[in-house]
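The following exercises ask you to read sheets, cavities and charged pairs from a model. Work through each task with the structure open before turning to its solution.

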Amino acid sequence: MTGQTENSEAAGSLRDNPAAFRQALLDHLYFSHGQGLQSATRRDGYFSLAYTVRDYLMRRWRDTTNTHYRHNPRFVYYLSAEYLLGPQLRQNLLYTGTGELARRALDEVGFDYEAFLAEDREPGLGNGGLGRLAACYLDSLATLDIPAVGYGIRYEYGIFRQSIEDGRQVESPDNWLAAGWPWEFEQPDDMVEVGFGGRTEWITDPEGRTGKRWIPAGKVLGEPYHLMVPGFKTRTVNMLRLWRARATEEFDFQLFDEGDYVKAVQQKVLSENITKVLYPNDNTPQGRELRLRQQYFFVACSLRDIIRRFKIRNRAWSKFPAKVVIQLNDTHPVLAIPELMRILVDEERLDWDGAWAITGKVFAYTCHTLLPEALEKWPVDLFGRLLPRHLEIVEEIDRRFRRRVAGRFPADRGREDRMAIIERGERPAVRMANLACAGSFSVNGVAELHSRLLRERTLADFAALDPDKFNNKTNGVSPRRFLRLANPRLSELITGRIGEGWLTDLERVERLEGAEEDAGFRERWREVKAANKRDLAATIRNLTGVEADPDAIFDVMAKRLHEYKRQHLQVLHIITLYQRLLADPEAEITPRVFIFAAKAAPGYRMAKLIILLINRVGAAINRDPAVGNRLKVVFLPNFNVGLAEKIYPGADISEQISLAGMEASGTGNMKFALNGAVTVGTLDGANIEIRESVGPENFFLFGLAAEEVFALRERGYSPKYYYENNPELKRAIDAVAAGVFSGGDRELFRPLVEELLGRDRYLVLADYASFLEAQAAAEKAYRDRERWTGMSILNAARCGFFSSDRAVREYCREIWKVSPLPVETNSPPE
């Protein structure tokens, strides 16, 4: 402990004092990790470096908390089931300005700097765009000096670790905590008790007022861990607080003493299962129950902590909305609405109307989907069994809300049923999106098209009732993570051209406009891209064994695997190119490497079948001597932030090919464009705004627009019409059906073929011909080296709008009503 204290006190001087930094590093090796320099492993050295950098952040965090305490501002509390944070060491070295200092100190003691960076494990706290967006927003909140706390779950095993065996996705636990994680602080003193099940009863308080009391059948403890979230070029260090489930008792001593060792720890295992994995498979009753337990545990712990923080400086509940705004990142945390009502009504003894008035001023809801199945619903019987008091509260919210809707639209009984929070019928269910709309003061989408479709279709009834609630906040990404850290070569080139400052004001990259006319700059841009492609080719070789030619087009589709994202449309394109080469070996095809990276949910069979098809098609093409290096297909396993940072800089083409009207926004499209990739895409999500920004001439558009999709479905869509009238499409599908890519097994891919020919829910066949035309246009443009380089430069130069800093400023100004609070320095100068 002495070494840790000394390091914390000395942290302010580390940046300008190499000797002090080196001594702090050695002190942590000895005092914090119990190792001598001679016996230290690479892992020991990594932890010592991480602790040293963490010490540097601690002084800023202390100043931040002191400033917030003095000023008692309104806090933004961001509730998200996912945070896809990415590796922390490289980012924290950048944010503390200690990267070169660390490299020098490690060199002096004989340690390998790059090897230590490779030891940094990525926390398994998220899966896709939802979690990465949350991480970018926390980064921007700190960078903009906004008082904020993020809340989430400390998943012990994350979602899963993906490997590919015989072409198939295989899931294994992502044991990211096995060797410890140096960036978190355990906070057992702030433990929270969470109840489940049981019953409710009427009570009368000493003043004679009646009310309800919940008597849970069982309880679980929520133990918080917090992670510092530093801002860039600022002293602000905010906090992400993550909850771990703990049993109220470690084991039953009597059962243990009697020799029943399994039963003695059974309750501990059941309790702690709540935070084992992200998104338990809900294809079984047990999985659905565990997921609901997980969501309630998360919001119950977080609200207790928010209220505890509020009461440090405030007492009157009337001040709660002035000091607290809670952003619900999708439907997973929406149980916070009835939980706050329960606390206010049952524990704080507020009347219903007063409690509902407070609740309605505190919550804001971001909807991230247009898919009905993604708008969560919970069976009433399950909900009532696990959360009996909350069901009573939701029933009362539903009763009052139905009355309000009926009063506003008296002649439209169907509207009341559509908007009801509790869906009646044979299988009654609690509709979480409806509850969010009823209980929040703001409802926002995440791209212009998405927000319009929410207002006009998905949540049209709610928009008609409360039009002022609805607004758009187009997503953004952190330029620090996805340009400066992911692509240092390009970052240096941009800085050399336009100067510093763009990392905190991304719209400054528009100053690159005109550089596409400079032959020397174009050449340097190409050199950066070529170096990045060589790095990506090395990654491909290391992960798959496939040799990828960096001179080929690197055509990339890296995103979560879902049918609406249409990875299988790209596969049909690849099969068509392959068949053209087999039919005409002299056919003119620009060499192309098709790069896929994606995880499929463990219970999503069709998505996993598409992964298998990608790999089987790739295996056939990669080993065919008739193809050579003209076509390659690779699937990079275990897609996460660390892998994404290697992929984005090396991409030539960004595939953003979801069916129009399906994708909420997307953020991968922004990351690729900022790194100079050119998009092949539909008019879906933020693709529309990217195309408007970069110019139609720098974007390869294909496919039906959203309105055309709706119209085609209403007329009656027949996928077989497209199959029977497009010979190349027919040949590609027939090859899959005939077992060409499955060793003659016609059954393996039958479910996928039957879906495409029978229903084709996401109109893959309808967009196939247009997709191939866009791909041919992209290939032609790539062959014109100067034109392509100019397109690449303009994609980066014109995407400054898509910064998470811009998005968070809009949230602050238009939803949260909060202002920056710069941190006051109380510590000795750095």
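**Exercise 1.** In what order do the three strands of the antiparallel open sheet lie?

*Solution.* Before starting, note that this is a predicted model, in which local features need pLDDT of at least 70 and side-chain atom pairs count only at pLDDT 80 or more, while totals for chains, interfaces and linings use all residues. Residues are numbered from 1 along each chain as its sequence is written, and side-chain values use heavy atoms, with hydrogens and water left out.

Step 1: the order is β13-β15-β14, with antiparallel pairing; strands here are DSSP runs of E of at least two residues and helices are runs of H or I of at least four, numbered from the N terminus, and two strands pair if DSSP finds at least two bridges between them. Step 2: β13 (377-379) and β14 (422-423) are the edge strands, each pairing on one side only. Step 3: β13 and β15 (residues 429-431) are joined by three bridges, and K377 has R431 in β15 as its bridge partner. Step 4: helix α18 (residues 432-439) lies across β13 and β15 and runs at about 45° to β15, where axes are lines fitted to C-alpha atoms, for helices over the stretch in contact (heavy atoms within 4.5 Å), and angles between N-to-C directions run from 0 to 180 degrees.

**Exercise 2.** Describe the open sheet of six strands and the helix that packs on it.

*Solution.* Step 1: the strands follow the order β20-β19-β18-β21-β22-β23, and their pairing is parallel. Step 2: the edges are β20 (631-635) and β23 (700-701), each of which pairs on one side only. Step 3: five bridges connect β19 (residues 592-597) with β20, and F594 stands opposite V633 in β20. Step 4: helix α23 (residues 519-544) packs on the sheet, touching β18 (553-558), β19 and β20, and its direction makes about 60° with that of β18.

**Exercise 3.** What lines the second largest cavity, and which helix supplies the largest share?

*Solution.* Step 1: a cavity is a set of points, on a 1 Å grid over the protein atoms alone, where a 1.4 Å probe fits but cannot get out, and its lining residues have an atom within 4 Å of a point. Step 2: the second largest cavity holds about 50 Å³ of space, a volume being the space filled by probe spheres set on grid points that are joined across faces, edges and corners. Step 3: the lining residues are H568, L572, L613, I733, V736, L752, V753 and L756.

**Exercise 4.** Which residue forms a salt bridge with R400, and where do the two partners lie?

*Solution.* Step 1: a salt bridge requires a side-chain nitrogen of Lys or Arg within 4 Å of a carboxyl oxygen of Asp or Glu. Step 2: the partner of R400 is D353, with the closest N and O atoms 3.0 Å apart. Step 3: R400 belongs to helix α16 (residues 388-408) and D353 to helix α14 (residues 352-362), so that by these helix definitions the pair links distant parts of the chain, 47 residues apart. Step 4: a search of the whole structure finds 78 salt bridges.

Conventions:
On a 1 Å grid over the protein atoms alone, a cavity is a set of points where a 1.4 Å probe fits but cannot get out, and a pocket is an open set with protein on both sides within 12 Å along at least five of seven lines; lining residues have an atom within 4 Å of a point.
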